[in-house]
Amino acid sequence: MTSRNRDARHPRPNPLYKEVKNRLMRSLVAGEWKAGQAIPSELLLSGRYGVSVGTVRRAVDELVAEKIVLRRQGSGTFVTTHTEDHQLYYFFHIVGKNDGKEPPSHELLSFLREKADRETALRLRVGRGERVYRIHNVLKLAGSPVIFDEITLPAASFPDLTKTLFAARAGTIYGMYQARYGINVVRISERLSAARASAQQAAGLKIREGEPALIIKRVAYTYHDTPVEYRVSCVNTRQHEYLSDLWKNAPPGAAAP
């Protein structure tokens, strides 16, 4: 029986490059290559997996498109790090109405240990009643409070997190997840709606209770689409708005609408 006939009778469940991509992902999850480190060259990976360089390149292309790794001309391919610039221009979508972008400062309001309620359990895929951290945090732009965040984290994924550690982080929240816990946020899913600020949100933003605001419900995912954070943000839209440049996230070759 020819190899072609064997392939026809026993087709691969995934294209070969997808299998290579999955093996690369397993190595990333296992921490074989840390944030900021180079992964082996495509030639070395082709030898490691017993496939062609072209197959490896196609697998790596998908990881690049998903912002899991990045290519540096003449240097190689590196695991994405959550630097301030990466956070500001890829995951942070609130800008001034004059289109200005600026790095936010933060103020921690509260840090609580609680049991997951129904919505939290659903968003984080944990059991109802499992331990979570509930964090209230305000982000300021040009010194003014603009975003009130309620951030919920599964305690099992961040076992030694404390109020002191969270407040004293050197960089972004996602940078802390990555540097301290080896958790890389590679994708977010957001739902936007109009609402009126609650008493708690209004107090954090220093606006009137009931004032119109933008509500953003975000789930952040690490590798294999595993949720690691559920965040509800209330945005004061007097001077700021939500901006998403969708073309930036489109895979190479995607057609414009």
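How many bridges join strand S5 (residues 131-141) to strand S6 (residues 144-154), and in which sense do the two strands run? In this predicted model, in which local features need a pLDDT of at least 70 and side-chain atom pairs count only at pLDDT 80 or more, while totals for chains, interfaces and linings use all residues, residues are numbered from 1 along each chain as its sequence is written. Side-chain values use heavy atoms, with hydrogens and water left out. S5 and S6 are joined by 10 bridges and run antiparallel, where strands count as paired if DSSP finds at least two bridges between them. Within this pair, asparagine 137 has aspartate 149 in S6 as its bridge partner.

The secondary structure of the chain comes to nine helices and 10 strands; helices (H or I, at least four residues) and strands (E, at least two) are DSSP runs, numbered from the N terminus. Of the 257 residues of the chain, 42% count as buried, a term that means under 20% relative accessible area, with exposed meaning over 50% and partly exposed the range in between (1.4 Å probe, protein chains only). Among contacts (heavy atoms within 4.5 Å) in the chain between residues at least 6 apart in sequence, 59% join residues at least 24 apart.

Six strands form an open sheet in the order S4-S5-S6-S9-S8-S7, and their pairing is antiparallel. Strand S4 (105-115) and S7 stand at the edges with a single partner strand each, so one side of each is left without a neighbour in the sheet. On average, neighbouring strands of this sheet are turned by 15 degrees against each other, direction ignored. Helix H8 (residues 173-181) packs on the sheet and touches S5, S6, S7, S8 and S9, and its direction makes about 160 degrees with that of S9; such axes are lines fitted to C-alpha atoms, for helices over the stretch in contact, and angles run from 0 to 180 degrees between N-to-C directions.

Strand S8 (residues 212-222) has nine of its 11 residues buried, so it is largely enclosed by the rest of the structure. On one side, 10 bridges join S8 to strand S7 (residues 187-196) in an antiparallel arrangement, and alanine 220 in S8 stands opposite isoleucine 188. S8 also pairs with strand S9 (residues 226-235) in the antiparallel sense over nine bridges, and here the bridge partner of alanine 220 is glutamate 229 in S9. S8 and S9 form a hairpin with three residues between them, and histidine 224 in the turn has a positive phi of about 60 degrees. Aspartate 225, which is placed in the loop between S8 and S9, likewise has a positive phi, of about 55 degrees, although it is not a glycine; with a relative accessible area of 37%, aspartate 225 is partly exposed.

Threonine 152, found in strand S6, is buried with a relative accessible area of 0%. The side chains of threonine 152 and arginine 134 are joined by a polar contact of 2.9 Å, that is, a pair of N or O atoms within 3.5 Å, of which, within protein, one must be able to donate a hydrogen and the other to accept it, and for which residues adjacent in sequence count only if both atoms are side-chain atoms. When neighbours within four places in sequence are left aside, the contacts of threonine 152 include Thr120, Leu124, Glu229 and Tyr230.

Not counting residues up to four places away in sequence, leucine 161 touches Phe111, Arg113, Tyr133, Leu153, Phe166, Met176 and Tyr181.

Elsewhere in the chain, helix H3 (residues 42-49) and helix H4 (residues 53-65) pack at an angle of about 110 degrees, with their axes 8 Å apart. Where they meet, Glu42, Leu43, Leu45 and Ser46 in H3 face Val53, Val56, Arg57 and Val60 in H4 as contact partners.
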